[in-house]
Amino acid sequence: MRVPLLTVENLTKHYPLGTGFLKKTGPVVRAVEDVSFSVAAGETLCIVGESGCGKSTVARLLMRIVEPTGGRVLIEGTDIAGLKTPTLRACRRRVQMVFQDPYSSLNPRLTAGQIITEPVENFARLSRKQRHGLAADLLQKVGMRPEMMHRFPSELSGGQRQRLGIARALSLEPALIIADEAVSALDVSVQAQILNLLLDLQRQMGIAFVFIAHDLSVVQHIGHRVAVMYLGRIVELASCETLFANPVHPYTEALIAAAPVPDPTRIRSEVPVEGEVPSPINPPLGCAFHPRCPLAVERCRIEVPPLVSMADGRVVACHVRAPATVVLTEPAANCCSTIHAAPPQALF
Ligand code: ADP
């Protein structure tokens with residue numbers, strides 16, 4: 001069996017709120033709870049959910065910008081936690097990140113050329129000519145003129161700055177790019193250009209993406225599979241086609257129902273979700289969505305629903321729509337065969 005490019009197993013992150021000795025015993029923010037998924041080479045997995053559900057924390061854990069409280073991240077089968085530099089540095093080259101705000105993530109004192117060649121120069125000495133050639137090549141890859149290598153970030157538009165961020169991520173020839181709300185701060189027309197650029201790069205270079213977004217139309221445009229998060233946990237993971245055509249989790253249903261519809265003549269059934277997202281410091285017992293769920297039953301108030309594989313290949317955590325006694329007709333095919341989240345007893 002081919003090892004996935006990225007495997008995430010039971011990833012958990014709790015941020016302690018206290019300081020000193022209270023750090024260990026005080027309250028914690030349960031930002032990410034028991035998240036598992038995998039990404040194949042050349043694939044785009046989107047992560048969606050309301051603000052505060054833990055999407056960016058997952059991105060930071062994948063990049064090892066923050067250390068997990070529990071769980072593992074494997075790059076091509078290798079656990080990144082056990083790696084010592086320089087092995088870790090070599091492994092890190094395979095995964096790069098593009099941030100939401102290109103301006104604050106680019107050094108304003110460096111020119112575009114210096115910004116995009118800097119990651120390579122951390123690994124190897126480049127001659128002036130090599131640096132120039134690399135910068136020109138990368139700028140062309142992201143649709144910018146080579147002369148722009150002499151400009152500073154403040155002399156570029158928002159879209160150009162995001163292209164520059166992408167060029168910098170490409171400089172180390174990564175196998176996976178984590179894009180955290182990479183188009184959210186851009187105008188709609190510029191958003192479309194950047195999304196098309198990412199799709200072109202994926203076709204040409206076979207790069208995989210973990211694409212974090214809150215805009216479902218963006219996800220539908222770019223994703224192969226989508227994971228829906230609610231209060232730190234994945235509640236549904238399916239191929240984009242399956243999820244948008246037929247959402248199963250009541251929260252996914254509500255998210256899709258609440259998304260703007262470009263066609264005003266299309267009639268859509270509204271699924272009301274009442275109330276606020278609960279606090280991750282003191283999440284509700286049982287299913288975290290139960291206080292807002294129109295389908296909640298007694299079991300939802302007591303037991304956390306496990307992720308259960310469905311016959312169409314998706315996984316869903318819902319006592320009502322995907323009870324853990326569900327019988328599989330076929331092993332999960334295109335979309336969930338690599339998911340490890342469901343405990344074995346929950347699958348059957
Ligand atoms: P999202 O990206 O979905 O908006 P985040 O991953 O940024 O969500 O945050 C998830 C939760 O973790 C939020 O409640 C947020 O306030 C909390 N959080 C994020 N970073 C920290 C931190 N460094 N310390 C404490 N809490 C944090």
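Start at the ligand and select Gly 52: one of its backbone N or O atoms lies 2.7 Å from an oxygen atom of the ligand. Before you go further, know that this is a predicted model, where local features need pLDDT of at least 70 and side-chain atom pairs count only at pLDDT 80 or more, while totals for chains, interfaces and linings use all residues. Residues are numbered from 1 along each chain as its sequence is written, and side-chain values use heavy atoms, with hydrogens and water left out.

Thr 57 is next: an N or O atom in its side chain is 2.6 Å from a ligand oxygen atom. Taken as a whole, the protein covers 65% of the 560 Å² of accessible area that the ligand has on its own (areas come from the Shrake-Rupley method with a 1.4 Å probe; for residues, only the protein chains shown count as cover).

Show the whole shell and you'll have 13 residues around the ligand, with Gly 52, Gly 54, Lys 55, Ser 56 and Thr 57 coming nearest. To be in that shell, a residue needs a heavy atom within 4 Å of the molecule.

**Helix α2**

Select residues 55-62, which make up α2. Helices (H or I, at least four residues) and strands (E, at least two) are DSSP runs, numbered from the N terminus. The largest share of the ligand's shell, 4 residues, comes from α2, and β2 (28-39) supplies at least two residues as well. Is α2 enclosed or open? Look around it. The helix is largely enclosed by the rest of the structure, because 6 of its 8 residues are buried. Those are Lys 55, Thr 57, Val 58, Ala 59, Leu 61 and Leu 62. Buried means under 20% relative accessible area, exposed over 50%, and partly exposed in between (1.4 Å probe, protein chains only). Just after α2, click Arg 64, which takes a positive phi of about 60°.

**Into the core**

In soluble globular proteins, nonpolar side chains tend to be buried together. Here, the largest nonpolar core has 60 residues, and Leu 164, Ile 166, Leu 170, Phe 211 and Val 219 have the most contacts inside it. (Such a core is a set of buried Ala, Val, Leu, Ile, Met, Phe, Trp, Tyr and Cys residues joined through side-chain atoms within 4.5 Å.) Colour helix α7 (residues 188-205) to see the largest share of this core, 7 residues.

Zoom in on Phe 211. Leaving aside neighbours within four places in sequence, its contacts (heavy atoms within 4.5 Å) include Thr 44, Cys 46, Leu 198 and Ile 222. A second, separate core of 39 residues includes Leu 45, Leu 61, Ala 208 and Leu 307.

**Thr 252**

Jump to helix α10 (residues 250-258) and pick Thr 252. This threonine is buried, with a relative accessible area of 1%. Which residues does Thr 252 touch, not counting those up to four places away in sequence? They are Val 228, Glu 236, Leu 243 and Pro 247.

**Two last clicks**

Asn 10, in strand β1 (residues 6-16), has a positive phi of about 50° although it is not a glycine. Asn 10 is partly exposed, at 35% relative accessible area. Finish at Glu 173, in the loop between α6 (158-170) and β7 (176-180). Glu 173 counts as exposed, at 62% relative accessibility.

Terms used: A polar contact is a pair of N or O atoms within 3.5 Å; within protein, one must be able to donate a hydrogen and the other to accept it, and residues adjacent in sequence count only if both atoms are side-chain atoms.
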